[in-house]
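Subject: A structure for you to look at

Hi,

Here is the structure I promised to pass on. Please open it beside this email and follow along as you read.

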Amino acid sequence: MKIFIVGSTGMLGSECKTVFSRDHEVICPGKKEVNIISWDVVIESLTEVSPDVILNCVGFTDLKACETEEFEVRKINVEGPRNLAQASARFGCKMVHMSCGHIFDGQKGMPQPYFEDDPPNPISAYGKSKLESETAVRGNSPNYIIVRSMCLYGVTGDNLLKSILNQALRKPSKVLRVPEDQYGSPTWSHRLALQIKELVENNGRGTYHATAAGYCSRLEFTQHVLDRLEIKTPVEPCRLTDLERAEDWPANCLLENRLSKKQGVDVMVDWKEDLDRFLEASGDELIKEARKR
């Protein structure tokens with residue numbers, strides 16, 4: 001298959017480029033080459049390429065900035081995916097779009113996860129834009145996959161794991177205050193790319209959840225990372241409401257991969273297994289990067 005990936009330099013996009021390149025032809029245009037908010041540019045690019053799959057890994061993900069940059073957020077998170085979805089319909093190819101658990105309010109009692117068909121109720125501008133992006137894709141592409149994930153980490157781009165290391169190594173003696181009442185399934189971006197490839201190769205259709213198996217609190221995740229990397233920064237439990245802009249974060253970020261399991265295409269593993277593998281391979285590199293900041 002010919003896979004057209006937009007956003008191939010980001011955390012997930014770069015992993016998708018690596019994973020899909022093993023068995024398929026991959027086209028990864030730069031941002032200047034394909035501006036997804038321009039309909040004419042999208043059509044011109046796809047006319048030249050004629051892909052079998054459009055994979056959209058582009059997104060405005062800064063939760064704080066989403067509250068003030070409404071025009072830009074809408075262009076990137078809603079109008080861009082709509083253009084790609086309409087283009088996929090015109091060219092008769094599959095549209096794969098990334099969404100997230102921020103479309104839910106996180107108020108389900110633990111340890112109940114959110115399922116693909118649970119009613120959405122976003123509590124942040126970011127979550128609202130991602131919900132709109134899903135609606136845009138469903139309404140314009142007859143052959144789509146929407147993949148919702150949460151709590152991603154990886155080597156490329158900004159993420160919670162890197163933020164933990166940056167804070168811990170910038171002032172090693174300063175106590176890290178981490179919420180003990182927010183839960184999720186930390187998910188390796190490489191594993192998510194493998195899951196997306198599995199869905200595409202098995203002609204998946206519809207909306208899928210894709211996060212690591214098992215779950216933990218953000219406090220447990222932080223302590224596990226620091227322990228594995230032998231970083232002695234002290235950690236103090238707090239409540240999610242104690243943090244700045246806590247109202248933007250769902251407390252329960254658990255997503256159940258029900259549809260992929262039902263179809264026999266779930267490739268996700270326990271969060272600790274993948275996290276330990278990731279830290280073994282990339283921990284030293286991440287520590288060096290954090291110390292340079």
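First, a few terms: helices (H or I, at least four residues) and strands (E, at least two) are DSSP runs, numbered from the N terminus. Axes are lines fitted to C-alpha atoms, for helices over the stretch in contact, and angles run from 0 to 180 degrees between N-to-C directions.

This is a predicted model, in which local features need pLDDT of at least 70 and side-chain atom pairs count only at pLDDT 80 or more, while totals for chains, interfaces and linings use all residues. Residues are numbered from 1 along each chain as its sequence is written, and side-chain values use heavy atoms, leaving out hydrogens and water.

Let's start with a pair of helices. Helix 6 (residues 160-170) and helix 10 (residues 271-292) have axes that come within 10 Å and cross at roughly 45°. The two are therefore oblique to each other (angles under 35 degrees count as roughly parallel, over 145 as roughly antiparallel, 65 to 115 as roughly perpendicular and the rest as oblique). On the helix 6 side, the contact (heavy atoms within 4.5 Å) is made by Leu 161, Lys 162, Leu 165, Asn 166 and Leu 169. Residues from helix 10 include Leu 275, Phe 278 and Leu 286.

Helix 10 also meets helix 8 (218-228). Their axes come within 11 Å and cross at roughly 35°. Here Phe 221, His 224, Val 225 and Arg 228 of helix 8 touch Trp 271, Lys 272, Leu 275, Asp 276 and Leu 279 of helix 10.

Now for the inside. A nonpolar core is a set of buried Ala, Val, Leu, Ile, Met, Phe, Trp, Tyr and Cys residues joined through side-chain atoms within 4.5 Å; buried means under 20% relative accessible area, exposed over 50%, partly exposed in between (1.4 Å probe, protein chains only). The largest such core has 24 residues, and those with the most contacts inside it are Leu 161, Leu 165, Phe 221, Ile 231 and Leu 275. Helix 10 gives the largest share, seven residues. Another core, of 21 residues, lies apart from it, with Ile 3, Cys 16, Val 53 and Tyr 208 among them.

Finally, find Pro 250, in the loop between strand 12 (235-238) and helix 9 (258-262). Pro 250 is buried, with a relative accessible area of 1%. Asp 105 is 145 residues away from Pro 250 in sequence, yet their C-alpha atoms are 5.5 Å apart. Among the other residues that Pro 250 touches are Gly 101, Phe 104, Met 150 and Leu 240.

Happy exploring!

Terms used:
Lists of a residue's contacts leave out its neighbours within four places in sequence.
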